[in-house]
Every structure is written in structure tokens, then in C-alpha cells.
Amino acid sequence: MSVRTRVALKVGVWVVALVPLARLLYGFWIDDLTVNPIEYVTRELGQTALRLLLASLAATPLRILFGLSWPLTLRRLLGLFAFFYVCLHFGVWIVLDHFFDWRTMTDDVVKRPWITVGVTALLLLVPLAATSTTGMIKWMGGVAWRRLHRLVYVAAVLGVLHYIWLAKKVLIQPWVYATLLAVLLGIRAADALRRLARRRRPVLA
Amino acid sequence: MTLRYSDVTPERLYLSRRELMAGAAALAIVGCDASTDATAAAPTGAPLKATTNPAYRVADPLTKVEAATTYNNFYEFGTNKDDPARLAGTLKPRPWHVQVDGLCAKPRTFDIEEILKLAPLEERIYVLRCVEAWSMVIPWIGYPLAALLKQVEPRPGAKYVEFTTLKDPEQFPAQKPSFLGFGSLDWPYSEGLRLDEALHPLTLLTVGMYGQVLPNQNGAPVRIVVPWKYGFKSAKSIVRIRLTDAEPKTAWNKAAPQEYGFYSNVNPSVDHPRWSQATERRIGEFRRRPTLMFNGYAEQVASLYAGMDLKKNY
């Protein structure tokens, strides 16, 4: 892939990833964030974070299924944007929703499993974001870095669980995310099993 | 700062273009007979006269009418808050009948026009507290449900009242079969009260709000409002009221029994399994405010639950 293509793709990710934030800011500007703006903004930021996280998790399955390598070059950017939206989502909860009412928030984190898993997902993403630079990858070494970054699977599962758990059972949206995540992780799992079987075959033969 | 119609015009006088035309149509039907109650045959959004009942008011300012009519939970139209306002045009609030039957001496069906005239219409300002921890202050128009129930003469065996919302997928699009049943409750929506709750003077048979005929998205043409209970207890677009000796099954209780009990009294000390009910966000305000026991109506209704464990009977 030429440098120019790669730059174009990355600019594309920047634009697409910043549209949801721009829409919220524009909505704030023209006072069109529904009559319950804090709830709306929290929900939109959370959904955007999940979408970007799933997008970053789609790179490997696309390579497995179609041999595409260019999505892999966007994975880090998508992951960092997902983390960015998770932080905004969390920040809105702290500042706008509860206005630094630490006692209530601590109670919620401890008492409500869906908040517990949400906060856990956020915490799991922190080391991943911190070690996302090329320098950190070199310093850690590829094997250790990859092992650490498998935490993203756990974070994604917890993120989707957070949404399923907080929403009314009759709503379909959380299950759409759950299905997509299951497909993305399923493709990886199938590929890993296939490779494992291939590696073992000569031993068995 | 941008000015809106509602900023410069008192809410009472504010009519959207469509509402204005609907009101004009109603006037045209009535013609020049000025003595006729012009509101009786009026469609959604037309002005509705009522006498303010000063006994039922709230110190807090009213929620903006635009908010109360565009941010609704009415799953018959869809699960998004703006679905009811967007899609409510399919509901036909006329002609409309309400069957009142069950354990009573004189079961009968009431025409909506008759319901409008059964008792003097009062305007009462109540706080509406949604189970989702937001609230509004709404001027409702109606009269105590007791006035209607009196008409059918409940039998001594009657202990509960069941309310049934219209079931008609043509008028309520979200009642059509959905993918794996998502977004769907067990239609028709049904709710229930104990008879003493239903006869309580606060329980309002409601036909209007903000000086107008009840908008479709708020449960036209007739709903109940039970201000000390979470909003979903106040059934909308009612077609049947049944007196019974057994606790009626209720829609949300069937969907999620651990989350929505039969009583569902507003209670800051009994959490919803997924969130605290100790605070609420008043629509239009920034900071959460504390939720009051029985939504601030404890003085009037606490005696109904004397000796009951309200944690168990959530």
C-alpha cells in the first residue's frame, strides 16, 4: 500500500470517528439534544465507543476471511478513538450526570453489576491505550505486547454486557452489538482452531 | 440566544399551525351554536376548558409542553422517546368507547363524548415520575376516576381494577409482530390498581393536558394518571376498565417481574434492580433532585399502605 493510500485511509477514519462528536456539539449549539440531553449524550457516546471498538476488532476477521491487510493499518486509530469515546462517556457520567457525587457513583459501581462491568472495561482499555505507540510495542516486544492486547476481547465483551444489562430486555440494539461481537470473535476462534489443527496434524501422522 | 414561539407566547396560547387548523376544524363542526361545548367533539390538540383545582398544584414550574409531548414512553408506537410524537398520527381517538365491566352492578360501555361530560373537568398539576428516574410537571385535565367507577356500582367483591389499552396494529404500528418479539410487550398493554387506589381522589381519569385535548402520543383520548406511582402504571388510550377480585396481571410485570412490581409506588428507598431511585432528573433541569416518597403525595396516600412491606410489595 502506498503512503498516500494509507494517509487517505487514516484521514477517513479521523473524519468518520469525529462525526458523532461533531453531531453532539452541533446539537448542543442549536439546542437539539432531546429534552433529556444528559441521558442522550451519554447513550450516544457509549454507542459510538462500542461501534469503534467493534470496527477495530473487525480488522483481523477481514484479513482471515478476505485476505485484506489494509484494515490492520487502521486498527490502532480505531481502538484509540474507541478509548476516546469511552472516556467521554465516563466523563459525562461523572460530571454531567452525577456532578462529582462520588458517594453515589461509588455505590453504583459496587452495587450495580452493569456499571461494574462498564468501569472494568474502561480500566482494561487504559493499558492498551498507553501501550499503543510504536515505541511501546518495540520496548515490550511483539509477543508480550500481543498478549497484553488480548485484553481488548475481554473489554469488548464487558462493554457489550454493560449495554445488555443496563437496557430494558425488550430492546433489540444491545443484541445487535452482541451478535456482531460474537461473529467477530467467532471468526478468530475458528481460525485459531484451524491453525492449531494444522500444526498438530504432522505430529499425529 | 434563539427565541422560539414558546418563549414569546404563553404556553396556553401557543398552538402549532397544525393544531390551529385542527381547532378551526372543530369550530367549523360546531358551527355558530356558541352554547355547545366546543371541546366535546374536538380532535387532539384542540383547546379544552377546565376549572383549575387549586388543591392540586406543584410549586415547581411546569415542564414545557413541547417536552411533555415529544419525550414519551408509549411502546405501542415504538421504543424510542420520539417515536410516539412522530408516529401518533395513526391513532384515531374518535369514535372511542370504554367498556366498564366485571364485578359491578351496572356494567356498560361509555362513549368518549359521554366520558367528557360525566363530571366537571378540572385542571390539576401533578408531578409525573418515570421509573427511568426522570420527571415532569404536567397540568392534566380530567376528573377523579371514582366518578366513572361510581356509575357502574362496584360490587363488594371487587378488589382490583384492570385497565386495558387499545390493541390495534393499524393504529399502534409497534403492535405488529416484530423480529423475535423485540420492542414488544404482551399486547394489549394492561395495568391495574387496587380498588382503594383507583377510588383515591388523586387518581385522575384524564382527557387533556396543557389546556388542550390529550395529544395522541400522551394517551388520547382517555388515560389515567396515578401521580404517586411510576409513570407506566398510568395506562393510556384505555378501552376497557374491569373490576375484579384478583390482582390483575400487568404488562411490565409480565415482561420483567423483578423490575416492575404490581404496586410500583414511587419510593426513593427501593432501588430498581438496575439503578437507584433515590434521585431523579426533572426534565429541563441540570442537577438531579431527590425523589420524594410517593412522589411527594405521601400525606394523601401513605395510609393506603399502612403495615405493608413496601420493599416486598415494590
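I began at a single pair in this predicted model: B:Thr279 stands opposite B:Pro290, a residue of strand S13 in chain B.

I then looked at the strands around that pair. S12(B) and S13(B), the latter covering residues 289–290, pair in the antiparallel sense over two bridges. Six residues lie between the strands of this hairpin, and B:Gly284 takes a positive phi near 100° there.

Next I asked which strand pairs with S12(B) in the parallel sense. I found strand S5 of chain B, residues 134–144, joined to S12(B), residues 279–282, over two bridges. I noted one partner: B:Ser135 is bridged to B:Arg282 in S12(B).

I turned to the largest nonpolar core, which has 65 residues. B:Ile138 and B:Ile224 touch the most other members. S5(B) gives the largest share of this core, seven residues.

I listed the contacts of B:Ile224, leaving out residues up to four places away in sequence. Among them are B:Leu145, B:Phe163, B:Leu204, B:Ala235 and B:Ile238.

I also found a second, separate core of 32 residues. Its members include A:Ala17, A:Leu125, A:Ala156 and A:Val160.

Last, I checked chain A. How many helices and strands does chain A have? I counted ten helices and zero strands. The C-alpha atoms of chain A fill a box of roughly 65 × 45 × 35 Å along the principal axes. Of the 205 residues in chain A, 22% are buried. Among chain A contacts with a separation of 6 or more, 67% join residues 24 or more positions apart.

Key. Residues are numbered from 1 along each chain as its sequence is written. Chains are lettered from A and ligands numbered from 1 in the order in which they are written. This is a predicted model: local features need pLDDT of at least 70, side-chain atom pairs count only at pLDDT 80 or more; totals for chains, interfaces and linings use all residues. Two strands pair if DSSP finds at least two bridges between them. Helices (H or I, at least four residues) and strands (E, at least two) are DSSP runs, numbered from the N terminus. A nonpolar core is a set of buried Ala, Val, Leu, Ile, Met, Phe, Trp, Tyr and Cys residues joined through C-beta atoms within 7 Å. A residue is buried if 20 or more other C-beta atoms lie within 10 Å of its own, exposed if 12 or fewer, and partly exposed in between; C-beta atoms are placed from the backbone. Two residues are in contact if their C-beta atoms, placed from the backbone, lie within 7 Å.
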